[in-house]
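Reader: Please present the structure, and then let us discuss its backbone geometry, its sheet and its interface.

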Amino acid sequence: MSWLPLSFGAPLVLAGLLALPLIWWLLRLTPPKPQTETFPPLKILARVLRKEETPHSSPWWLTLLRLLMAALIIFALADPVFNPRERMSASGDAVAIVLDNGWSTAPDWERRVATAERLITDASAAGIPVVLALTAEPPSTEIGPFEAQAALDHLRAAAPRPVPVDRPTAFGRVAEALAGFAAPSVAVLADGLAAEGDEQAFAALLGNARSNLIWIAPEQITSLALTAADNEVDGFRVTAVRSSADPAPRTVTAGAFDERGRRIADATLGFGPGETMATGDFTVPFELRNDFASVAIDGEPQAGAVRVLDENAKRRRVGLLSQAEADQAQPLLSPLFYIRKAMQPFADLVEPTSADLAQAIPQLLEQRPAMIVMADVGVVPDGARQALIDWVEQGGTLVRFAGSRLAAAGNDEVLLPVPLRLGERALGGALSWTEPQTVREFPATGPFADLAPPSEVTVTRQVLAEPNAELAERTWATLADGTPLITGTRRGEGSVVLFHVTPEATWSNLPISGTFVEMLRRVVQLSRNQGRLDANAETSGGGLPPFRMIGADGVLVPPPADARPLEPGVARVSIENPPGLYGGDEGVVAHNLLNKDAQLVALARPETGLPVTEASYAFDQARDLRGPLFALAALLMVLDTLAVLWMGGAFARRPRRTGVAVAAAALVAFAFGLATFANPTQAQDSQPDDQAAIEAISTTRIAYVITGNSSVDAISRAGMTGLTQFLIDKTALEPGEPAGVDIATDELSFYPLIYWPIDPDAAMPSPEAIARVDAYMQGGGTVLFDTRDQYSTGFDMGSATPATQRLRDILGNLNVPALEPVPADHVLTKAFFIVPEFYGRFTGSPLWVEAVPTSTEAADRPVRTGDGVTPIMITANDLAGAWAVDASGEPMLPTVPADPMQRVYALRGGVNIMMYMLTGNYKSDQVHVPVLLERLGQ
Amino acid sequence: MAGIGEVAPPVASRDALARARTRAALVPDLLVEARRVVNTVISGWHGRRRRGVGENFWQFRPFVEGDAVSRIDWRRSARDEHTYIRDREWEAAHTVWLWADASPSMLYKSKGATVSKESRALVLTLALAELLSRSGERIGWPGLTDPFTARNGAERLATRLAYAPAGSGSRPDFIGVRRFSDVILVSDFLDTPDEAMQWLDPLMRRGVRAHLIEIADPAEESFPYAGRTEFQDPESGERLTAGRAETLAADYRNLYLARRAELASWAKRQGWSYTVNHTDRLASEALVKIHLALSTDAGLGSAGA
């Protein structure tokens, strides 16, 4: 069967297909057995039945089904194999398998191993020994010759390495191992990338007597590799290369990751048609760029697509220098104060211990700062000067600020960006006509080009630059009159920047503006870290220990056992120095796989006179079809059974039951749907009692506790209504309808005051309800307890009425502060009316409130103050009874004694309570006003 | 796999009697419309709501010439100037013949039905017997009993049925049936209409009013068979095999219903009633219908009304 990748293990069984016609003949003869039914109206049926020909044999499709079933079983018995494996037989007396396991093999390593396995299996079938060599392994690795089984074990233990292949060494060893064989065949499983020394390597491998060459290379090399990652001024730039054999246009994304592996930025790299190199920029803020620890191309799980970053891309170290004595008493006058404040968030500040510049400058340079800020340093001492110049030339950024010392020191051609005029210029002083100058728009050439010019900054003194041809291009910021405010220029690798004002706010208010911070940030961004922990610098003796390695799959891993410390001067990535970070917690050096100018060149098959078999990497895809065929036959058998049942009428007789089943299934599905729909409905944020809550808080309302006793509740409601009407009449406060609250369920926090008539007959509130009241009081609400039993108290001092007893029970579960009767100077007595006593229907019971601590100068203050309002008030005077009015506005209950003024006093007390509730101690401040006015002498 | 229909064992007449009584208890006393039966007057004990021979007082009417003097009610006549005759209410019994088909086809019971046709027929018959004897009518079973009046008429009928010779029930013997009596025939009427009309012809010619009750099994009417099915006639043992029974259903139903319609319209022309009772429905339904048919005048041959 050449048109199908199909072969049979036992083709003779296929002769069984000849039996199919016999089976067909047999099947045609045996109709299915009918169902017997008793049927009395047979005579009527007989008149109908005469019209139909009764079928005496199976329908054709059932026969076909059965024939198919028989054919399938015959095929299955013939042991068919789909996609049979082609044999890449080695023809010699040994086979050498050379497998590349460099960094580019990681993504499809499984396929490579599968291909090698097939070769080994074939060799095992031929009974010849196997030499198995991996090209990116230490030279000491055993390569054979092995028996096939041992070779398989070695192969399965092998893994891709994050290093380039070393073909010369490996091929040389294979050649040695093959020396004893007459005509071994060689299988090269290449990664497709050319490497150094390929020609000699292949010459050694294929040079001697070889029977044939099996060449397996990937058809397409899609690996990408990062060759550079640089922190530029305007972004973080990565460069990727790809193989020259991959000309199609392609766009990939790269991600930048911080130390913990979190992705913090993305960049897109686009390869044009035929281009082998692409660059991409991470345009993210400078601070974020400092957090980059590694950069990786998405979808490339191999070491070449990952690049680790070291200190070079990190937070800058900035040295601060000042000649002024540190004045600890007046830090605001210290020249470095504002610089320090401005730069602390984004730079590591380094300050010398000595104020003597001759010592301080070398001290700073030892720390290898990226930038040195000199605040008003006049002359740099000669001993330190050359070191400083060298540092700038090597890439340091020197930022200087003007000042009286600089102005007096004279020009310095190297350490100043522009030549200066001696002396300084004062603007807007007492003896000058000029005005203090503002800052003009920043020149487009400077680094501050995209900053908005600070309108609030004025400069009163500055040092002036000598006008010359270069001044304009070196000017980074100018004043309104065109004189430069900031100048800067490059010196070798580094740069020198001069602020023409002092770093403190004496010459201008620039240092205390936000723009100053932005400017310093830009300058810091321009600087490059000098502090690379070079191997030849600090570490003594041996190299840097491995710290974090890039695994073969592009993931940062702890160093493997065979990783050696990075010796000074070693630039090449090898199996001993795999790519990754070397160093320790205090600093690391990145050791990356590819250098800046690396190329990925496709590996060409070496020219050789040997017979060559070319193959491709592939999995062993042979499939035994016996199982599927049997399964198919079984499925057909099930179909056949169903068909026979259907012809016997098994399904048609229960149409109703089927309908019921369908309905039940639909019902179940509907119920499930309903269940899943139930959650979204609940997830909506509208609550059922939203409307009530909105009503409760849209206007101020006085609340009372519903005790459950209808007469008490009616009086409470009428009382609150009466007080509400009185408030509307007499004050600016217009409360809404009184609200009855159930303390067990209703939200209490909507109401400033809750009136709670104690009803001894009502049920004791549950602990949960009391806890809610407690929370309400803690949250700033006030509960007014009214026992309404002033005249019910017995004459016995120890006795308590049931209402009082109930109140005690309730208060026993609440956090009640220390209480006192309202003192005469309490703000409650003055909140709106002057109310010495709080009457209700009864008189005589004091109103208990939270005790206000008496202050020492209480005597000369008209009122005692305390923060907040009392969370609790207790009275026995039946306030609601006195306030209660009926529908026509007439009082409902008589006062005791029946004095009309008592009712007015009671209402005034209620007004005071409400005012106190709503204004708090503001009212106590108000009562100070006369005293304050008096003190002002009016 | 079990079939849809089965042949049920014949029901014992005692059981049928018990069930018949429960059915009959649901139906009010039956007054057979008997205005035409002047000649077959035998005293019964239900008033006919008209003047006649009986025991109960009906009305006083003035004496007219020709009345027998002995019928004068002197007590009434003494109260005024006139002479009155006391009329009595006419109390008469009527003969109703009852017959239920007992042929093998009646033993059929399908899955959808609650009882076999034979059982339903017997229950209906005995329930009618119970009702009629409660009303004092004369009931009889053609070929088995003469008409008789008895309070326990249904019980007696059941007893007679229990001892009746087997196989006597495929066709009734109408020799004793005379004019102006009612005949209630309970059967499945599965013969062709012509055959049925032929054996009912004597009744028609004798002017007997007949009430036909067709007992039908739901499976016979709806034909729920599908697939390859072999049908067997319980009476003749004949067999028929249908390849795909479901294809026959529509034609069969048409024929079946046409037979019923023809028979029913023929019966209506004779002034007879035709009632269909399905065995998956309640027997009481048929009982109520036949009650209505018996107590009203069908309109034909009722010149005396």
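Author: A:Arg788 lies in the loop between strand E35 (782-786) and helix H20 (802-811) of chain A; helices (H or I, at least four residues) and strands (E, at least two) are DSSP runs, numbered from the N terminus. This is a predicted model, in which local features need pLDDT of at least 70, side-chain atom pairs count only at pLDDT 80 or more, and totals for chains, interfaces and linings use all residues. Residues are numbered from 1 along each chain as its sequence is written, while chains are lettered from A and ligands numbered from 1 in the order in which they are written.

Reader: Is A:Arg788 buried or exposed?

Author: A residue is buried if 20 or more other C-beta atoms lie within 10 Å of its own, exposed if 12 or fewer, and partly exposed in between, with C-beta atoms placed from the backbone. A:Arg788 has a positive phi of about 55° although it is not a glycine. With 25 other C-beta atoms within 10 Å, A:Arg788 is buried.

Reader: Where is B:Phe223 found?

Author: Phi of B:Phe223 is also positive, near 50°, in a residue other than glycine. B:Phe223 has 23 C-beta neighbours inside 10 Å and therefore counts as buried. B:Phe223 is found in the loop between helix H6 (218-222) and E10 of chain B.

Reader: Which strands stand at the edges of the open sheet of 5 strands in chain B?

Author: The order is E7-E5-E8-E9-E12 (chain B), with parallel pairing; two strands pair if DSSP finds at least two bridges between them. The edge strands each have a single partner strand, so one side of each is left without a neighbour in the sheet. They are strand E7 (138-140) and strand E12 (273-278) of chain B.

Reader: What is the bridge partner of B:Val183 in E9(B)?

Author: Strand E8 (residues 182-187) and strand E9 (residues 209-216) of chain B pair in the parallel sense over 6 bridges. In E9(B), the partner of B:Val183 is B:Ala210.

Reader: Which element gives the most to the side of chain A that touches chain B?

Author: In total, 25 residues of chain A are in contact with 36 residues of chain B, contact being defined by C-beta atoms, placed from the backbone, within 7 Å. Strand E2 (35-38) and helix H2 (42-49) of chain A are the elements that give two or more residues to that side. The element that gives the most, with 8 residues, is H2(A).

Reader: Which residue in E10(B) stands opposite A:Gln35?

Author: E2(A) and strand E10 (residues 229-232) of chain B pair in the parallel sense over 4 bridges. Opposite A:Gln35 stands B:Thr229.

Definitions and conventions: Contact = placed C-beta atoms within 7 Å.
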